[in-house]
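Subject: Structure for your review

Dear colleague,

Please find the structure below, with the sequence alongside. My notes on what was found in it follow.

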Amino acid sequence: MAAGSAQQLTREEARRIAVRAQMLDADGPAGLLAVAERLTFLQLDPISVVAPSADLVLWSRLGNDYSPPDLVAALEQNRTMFEWRGQDRDNEPNFVMVRPSSQLDVVLGQMLALRDKPGTVKDWLQANDGFRIRVLDQLQSDGPLLSRDIEDTAEVPWKSTGWTHDRNVNQMLEFLWSRAEVAVAGRAGKQRLWDLAERIYPLGVEPVPVDEAVRIRDERRLRSLGIARPRVVGEAGVKVNVEGTKGEWRMDPDATPEAFEGRTVLLSPFDRLVHDRKRAEELFDFDYTLELYKPAPKRRWGYYVLPILHRDRLIGKVDLSADREASVLRVLALHEDVEFTKQVRTTVDGELERLAVWLGLDRVGA
């Protein structure tokens with residue numbers, strides 16, 4: 001291959017690189033923290049038709065050895081992970097995620113930089129500096145606290161045309177959270193408990209400068225994806241071309257499709273293997289859209305649909321609901337993107353049974 005020319009990959013090779021990078025091949029990861037450090041973050045989503053997405057992502061990698069209290073312990077007791085709302089890249093919306101504490105340094109600079117960012121939020125915080133200090137003082141003396149336990153003493157109310165209008169305590173906490181002044185200490189049910197960031201985050205962490213942090217995050221993201229477009233990972237990795245697709249891809253230089261051994265597994269609707277819908281279509285021929293917010297008559301596949309990975313192919317989707325009252329994992333629909341062989345159907349049925357056991361349900365049924 002000529003110097004500077006892009007490596008050529010078949011689509012099968014690209015798929016195998018992608019599956020292995022996401023720790024979804026037969027070589028399972030060592031534990032929860034190993035998954036978090038490779039994936040770099042787990043997206044938190046409140047929808048729990050089957051189980052919370054972060055738990056499903058961990059179950060897909062770790063199997064029935066994983067238990068949701070393990071994640072709670074990592075966040076609230078061991079502090080090996082932390083919760084944060086932010087952007088993994090500038091071209092993505094803000095969302096709530098959990099990240100390994102070992103990688104706090106690459107987002108801390110981004111958090112601190114927000115303190116000086118001009119705009120409506122900075123102006124509101126400056127106008128409410130006394131309120132900010134009182135919130136921090138209350139957390140110092142009484143934290144961790146629920147937001148409802150914090151007194152609203154705002155000098156200037158938060159104005160919005162949306163649901164945040166006049167929700168001064170919530171907005172103050174959100175803004176201080178994004179700026180590394182407060183942090184989520186845990187949860188009481190679904191409600192967040194707030195405390196000073198210095199009590200939650202590891203001590204003595206030096207923030208990586210923002211430009212360098214972006215480079216590191218791009219490299220880590222590419223390592224977690226194996227192969228991606230430059231719009232997702234910037235200039236990280238090496239250039240490659242993938243047969244049957246147009247344009248440049250970037251590949252983790254340490255990735256390889258060799259000696260790949262796959263397995264069959266059900267994925268969270270928010271799993272990063274399928275999160276980039278265009279990539280999933282280009283590499284896997286997989287047509288998939290979240291239909292949670294569509295009216296029922298407009299859904300093609302269902303309300304909460306889990307993609308089915310078989311070796312290096314995404315072969316179908318299953319619409320599931322955990323009926324805990326009846327102790328049944330309900331299969332509302334099973335969509336075969338390719339016709340299942342008898343062996344594949346048996347394997348998929350086995351995965352459904354395994355999921356039911358993990359959820360503590362007695363059986364799989366319609």
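A polar contact is taken here as a pair of N or O atoms within 3.5 Å, where one must be able to donate a hydrogen and the other to accept it. Please bear in mind throughout that this is a predicted model.

With that cut-off in hand, I begin with Arg299. Arg299 sits in the loop that runs between helix H13 (277-284) and strand E12. A polar atom of the Arg299 side chain lies 2.9 Å from the backbone oxygen of Lys294, and the side chain also reaches the backbone oxygen of Glu291 at 3.1 Å. Once residues up to four places away in sequence are set aside, Arg299 touches Glu291, Leu292 and Lys294. Arg299 counts as partly exposed because its relative accessibility is 25%. Between Arg299 and Ser321 there are 16 Å in space, C-alpha to C-alpha, and the two are 22 residues apart in sequence.

Asn128 is placed in another loop, the one between helix H6 (120-127) and helix H7 (129-142). Its relative accessibility is 0%, so Asn128 counts as buried. Apart from neighbours within four places in sequence, Asn128 is in contact with Ala154, Glu155, Val156 and Met172.

Met172 is also one of the buried residues of helix H8. Helix H8 spans residues 168-178, and it is largely enclosed by the rest of the structure because 10 of its 11 residues are buried. Among these buried residues are Asn168, Gln171, Glu174 and Trp177. Ala180, which follows H8, has a positive phi, near 65°.

In soluble globular proteins, nonpolar side chains tend to be buried together. In this model the largest nonpolar core has 42 residues, and Met81, Leu355 and Leu359 have the most contacts inside it. The elements that each supply at least two residues of this core include helix H2 (32-39), helix H3 (53-62), strand E13 (313-323) and helix H14 (342-359). H14 gives the most, with seven residues. Not counting residues up to four places away in sequence, Met81 touches a set of residues that includes Leu32, Leu33, Ala36, Leu71, Leu75, Val98 and Pro100. There is also a second, separate core of 39 residues, which includes Met111, Val169, Ala180 and Val208.

The largest pocket holds about 1100 Å³ of space. It is lined by 40 residues, and Leu44, Glu83, Arg187, Lys190 and Arg192 lie nearest its centre. Among the elements that give two or more residues to this lining are H3, H8, strand E3 (81-86), strand E6 (182-188) and strand E7 (191-196). Helix H4 provides the largest share of the lining, six residues. By class, the lining of the largest pocket has 20 nonpolar, nine polar and 11 charged residues.

The second largest pocket holds about 600 Å³ of space. Of the 27 residues that line it, Gln87, Asn94, Leu114, Lys117 and Ser178 are the closest to its centre. Two or more lining residues come from each of E3, helix H5 (105-113), H6, H8 and helix H10 (210-225). This second lining has 12 nonpolar, eight polar and seven charged residues.

With kind regards

Terms used
Residues numbered from 1 in each chain as written. Predicted model: local features only at pLDDT ≥ 70, side-chain atom pairs only at ≥ 80, totals over all residues. Heavy atoms only, no water. Core = buried A, V, L, I, M, F, W, Y, C linked by side-chain atoms within 4.5 Å. Buried < 20%, exposed > 50% of the residue type's maximum accessible area, 1.4 Å probe, protein only. Helix = DSSP H or I, 4+ residues; strand = E, 2+ residues; numbered from the N terminus. Contact = heavy atoms within 4.5 Å. 1 Å grid on protein atoms, 1.4 Å probe; cavity = no way out; pocket = protein on both sides within 12 Å on 5 of 7 lines; lining within 4 Å. Points joined across faces, edges and corners; volume = space filled by probe spheres on them. Nonpolar A, V, L, I, M, F, W, Y, C, P; charged D, E, K, R; others polar.
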